[in-house]
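Work through the following exercises with the sequence and the coordinates at hand. Each task is followed by a solution in steps.

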Amino acid sequence: MDSTGIQVERGAGTVVTIRAATQQDISETIAVHKAAFPGFFLTMLGDRFLRELYRGFLQDSASIWFIASQNGRLIGFVVGTTEPAGFFKRLLMYRWYAFIVAGAAAFFRRPLQIVRRFFAALVYRGEKPRGIDKATLLSSIGVSPHYAGRGVGLSLVEHFCQEAFSRGTDQVYLLTDDANNDAANRFYVKCGFSLESSLTRDGERKMNRYIRSFSVEKQ
C-alpha cells in the first residue's frame, strides 16, 4: 500500500489524509477505538490487549489497515484481513500468551463478563459466509466522535474495499450488531454493502453480516 497518503476533501473545507498505518499509529488508533466504542468488549479488555491486537494486524501480510488524519492527528481507522481464518489462527498461534497477560486485569475487574467471551474471541475465525472463497473481512472501523458525520468513515471504507479488490478479493464482508445499532447498519448500506444474513453470537447477540461484491461493481 502507498503510505504517502491521499488527501480527500470532506465537507466544510475538511481535508483528510488517508494512508496505510504504521507502527507509530498504534497508540492513537487505540485512543480512537476507545472513544468510538465505549463499553464494548475489546475496549473493556484494556489498552494492552488492544495494542497486541493492532500490532498483530500490522505485522501480518494479509492485513489491510488505513488511517485517516487531519493536521497530523489520527481521527479514524479501518482494519481487516484478506485471510480471515488464517489471520486469526496465526494471531492466536504467535500471540496467545501476550493476549492472556494483556487481558488479565480485565478478568479481575469483571470475571463473569469477560472469561467466556474472551476465550470465544481466542477461537474466532472471522465467520466468513459459506461458499465464498476470496472474501476479505473488514474487522473494525472507528472514527473519533468529534469527526462523526463528516464522511471520514465513508472514505476509509472506500479505500479499504478498493485495496481488497486490488488484491484479488471477490467480496468484502463485515459483521455488526443488529439491535440498537440502526446508524451503523444504515452506514454500511450507504457504503455499498448488502445484508447477506443474520446470525447469533454467544447464544444471544444477534449480528448482521453485510457483503460488498467486486463483481457487482464491475457491471
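**Exercise 1.** State what share of the chain is buried, and give its secondary structure.

Solution. Step 1: of the 219 residues in the chain, 48% are buried, where buried means under 20% relative accessible area, exposed over 50% and partly exposed in between, with a 1.4 Å probe and protein chains only. Step 2: the chain has eight helices and eight strands; these are DSSP runs, helices being H or I of at least four residues and strands E of at least two, numbered from the N terminus. Step 3: this is a predicted model, in which local features need pLDDT of at least 70 and side-chain atom pairs count only at pLDDT 80 or more, while totals for chains, interfaces and linings use all residues. Residues are numbered from 1 along each chain as its sequence is written, and side-chain values use heavy atoms, with hydrogens and water left out.

**Exercise 2.** Determine how strand β3 (residues 63-70) is enclosed and which strands join it.

Solution. Step 1: in a regular strand, side chains alternate between the two faces of the sheet. Step 2: on one side of β3, Ser63, Trp65, Ile67 and Ser69 are buried, and on the other Ile64, Phe66, Ala68 and Gln70 are buried as well. Step 3: eight of the eight residues are thus buried, so β3 is largely enclosed by the rest of the structure. Step 4: β3 runs antiparallel to strand β2 (residues 15-20), to which four bridges join it; strands pair if DSSP finds at least two bridges between them. Arginine 19 has isoleucine 67 in β3 as its bridge partner. Step 5: β3 is also antiparallel to strand β4 (residues 73-81), with eight bridges, and tryptophan 65 stands opposite valine 79 in β4. Step 6: β3 and β4 form a hairpin with two residues between them, and asparagine 71 in the turn has a positive phi of about 55 degrees.

**Exercise 3.** Describe the aromatic pairs of tyrosine 188.

Solution. Step 1: the structure holds ten aromatic pairs, meaning rings of Phe, Tyr and Trp (its six-membered ring) with centres within 6.5 Å; planes under 30 degrees apart count as stacked, over 60 as edge-to-face and the rest as tilted. Step 2: tyrosine 188 and phenylalanine 193 are edge-to-face, at 6.2 Å centre to centre and 80 degrees between the planes. Step 3: tyrosine 188 and tyrosine 210 are tilted, at 6.2 Å and 40 degrees. Step 4: tyrosine 188 lies in helix α7 (residues 182-190) and tyrosine 210 in strand β8 (residues 205-213), so this pair ties together parts 22 residues apart in sequence.
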